[in-house]
Amino acid sequence: MAKVFIYPTTSLILSDLVARYGHTPLSSAIAIRERIQTAGIESIPLQITPEEPKKGLRWAAVEVPSGVRGRMALYGPMIDTCDAAIIINDADLAFGCMGCARTNELVKYLIRQKNVPRLDLNYPKNEKEGIQFVAAIKRFLETLGGKK
Amino acid sequence: MTAPVRIAQLSCGPEYSGVQQEINEAAKAVNGEIFFPDIALKDIMQNFNEFGLDVRSPDLKLTIARAKALVDGRVDADAVFIATCFRCAEAAIVRNELRRYIHTSSKLPVVSYSFTERTTAGTLLTRMEALTTIARRRALLARETQQGITLGVDSGSSTTKAVVMKDNKIVGTGWQPTTEVLKSAHDVIEHAIKEAGIKRKEVEAVGTTGYGRFLVGKEINADLIQEELTVNSKGAVYLADKQHGPATVIDIGGMDNKAITVQDGIPGTFTMGGICAGASGRFLEMTAKRLGVDITELGPLAMKGFSEQVPMNSYCIVFGTQSLVNALAAGSTREDVAAAACHSVAEQVFEQQLQEIDIKEPVIMVGGTSLIEGLVHAMGGLLQTKILVPKYSQYIGAVGSSLLASGFIKDK
């Protein structure tokens, strides 16, 4: 059983897939609701205080915007502890979404720097790609061990 | 209690910076209510594509979609607060363009701010207060003449000013450095009343503004306690006789600077701040002290010098002072150093603040620093325009307070 970091971290579908194959998803998965009445597109039910951007200094320098550092206080420890990662590029907002493009660049870079099994996929644009997309994730998760 | 002013928040990053609570508290303190315009997920991409600014951050796309919903009238609001992370270039572009878009396409008052994790409710308070004042007190801000006998007090960070007005004329003034806030206020009030030749009980209404407005307002039982952004802009167009049409008001204060665009006497967009005291009147005070002249002599001295002769960037007051000392040690003239100090302050205000608003002529400079001729000259050079400095410009907050306070006479 592996700890699998998923990107976008809010993707419920990815989180569910990882769990179904017996692994532990590292994510901040919550539903992206149909209507958005919160500050950000991936507002999470966590109490973020001004301390988090300071904790984020471990992954991003002080000159990096506070919103990036605050996010890194959450995602940084997940990246540090993960055994594997799945990155979905250019995902639809409804699939799962992280609000800050700069954080996204940093998260993906840190994952790619880490020497762990990684699946880097583009979000499918049609049904055929969709089937291949799910199959690729399934194969990847199976190679990590865990239940079939 | 009146209904809260509904302030639509358009933002990227405040939750993850841990400052959302501070924004909420600042709004609540001035009877405002922050809300996030309700928008459908399916509308985000459509609105974003229609707007045409191709940013990558999904939260900025959401912000753009929400701005469009406000302008199109699909969501009701009384005012708009735009906030994004400090040092994010992508967000800075969105912040500026949305502020301009909302300002030109709707009647909603709008203010923007770039925050760090250190931003507190106190920092945001004056901006929020101005936002709610414009939304709530449009009728009061539309006042163009002063009536009866009124007193205005401006309890500023560096100086305290008072003005007595009677039948649309300034009849008494008082000015002194702020030491003990209440004592300074009482002293300037006494001076203004004495100069006006009236008795305190003849004053029909009182207004206060500036940093000490709440404390002083409570002490002297003011009818109007109002932040300096709206009060100063009102006072500026009144004194410059530019109450109709557009204008830009620049106030380089002792602790911070304000740049406000005004339409028919009512503020539209404004910025307030200053990265460091190096861009404020405080740096000019220090320059005057180092040059051994009174602050009132700095302006004429600067007019005789050439700023280009002395390299100076007062981005930080410490390094600015160091440049000043180095220049004098290297043989620069006092006149050139004075001119360089004025140019440096003007340049910073120009670079840091005036880029955030759309300058509209006439440009009116107010506050104590507007009496420093060299500073006004430097600002005029940077803006390529002739700057108006009205009579009594150093009393601007007190005049604005006194003018607006007369709106309370009939209530008594």
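Let us start with chain B, whose secondary structure comes to 15 helices and 15 strands. Keep in mind that this is a predicted model. Its scores are ipTM 0.89 and pTM 0.82. For chain B, the pLDDT averages 90, and 98% of the residues score at least 70.

What about the overall form of the chain? Along the principal axes, the C-alpha atoms of chain B fill a box of roughly 65 × 60 × 35 Å. A compact globule of 412 residues would have a radius of gyration near 22 Å, and chain B agrees with this because its own value is 22 Å.

Now turn to the place where the two chains meet.

Two packed helices are described by the angle between their axes and the distance between the axes. Take helix α1 (residues 20–29) of chain B and helix α5 (residues 121–136) of chain B: they pack at an angle of about 45 degrees, and their axes are 8 Å apart. On the α1(B) side, the contact is made by Glu22(B), Ile23(B), Glu25(B), Ala26(B), Ala27(B) and Ala29(B), and on the α5(B) side by Ala121(B), Leu124(B), Leu125(B) and Met128(B). Sorted by class, this contact has 8 nonpolar and 2 charged residues, with no polar ones.

A second pair lies further along the chain. Helix α11 (residues 295–303) of chain B packs with helix α13 (residues 334–352) of chain B at an angle of about 105 degrees, with 7 Å between the axes. That angle makes α11(B) roughly perpendicular to α13(B). Here Leu298(B), Leu301(B) and Ala302(B) of α11(B) meet Arg334(B), Glu335(B), Ala338(B), Ala339(B) and Cys342(B) of α13(B). The contact of α11(B) with α13(B) counts 6 nonpolar, no polar and 2 charged residues.

Notes:
Residues numbered from 1 in each chain as written. Chains lettered and ligands numbered in written order. Predicted model: local features only at pLDDT ≥ 70, side-chain atom pairs only at ≥ 80, totals over all residues. Axes fitted to C-alpha atoms, helices over the stretch in contact; angles between N-to-C directions. Helix = DSSP H or I, 4+ residues; strand = E, 2+ residues; numbered from the N terminus. Contact = placed C-beta atoms within 7 Å. Nonpolar A, V, L, I, M, F, W, Y, C, P; charged D, E, K, R; others polar. pLDDT = per-residue confidence, 0-100. Rg over C-alpha atoms; globule rule 2.2 N^0.38 Å. Parallel < 35°, antiparallel > 145°, perpendicular 65-115°, else oblique.
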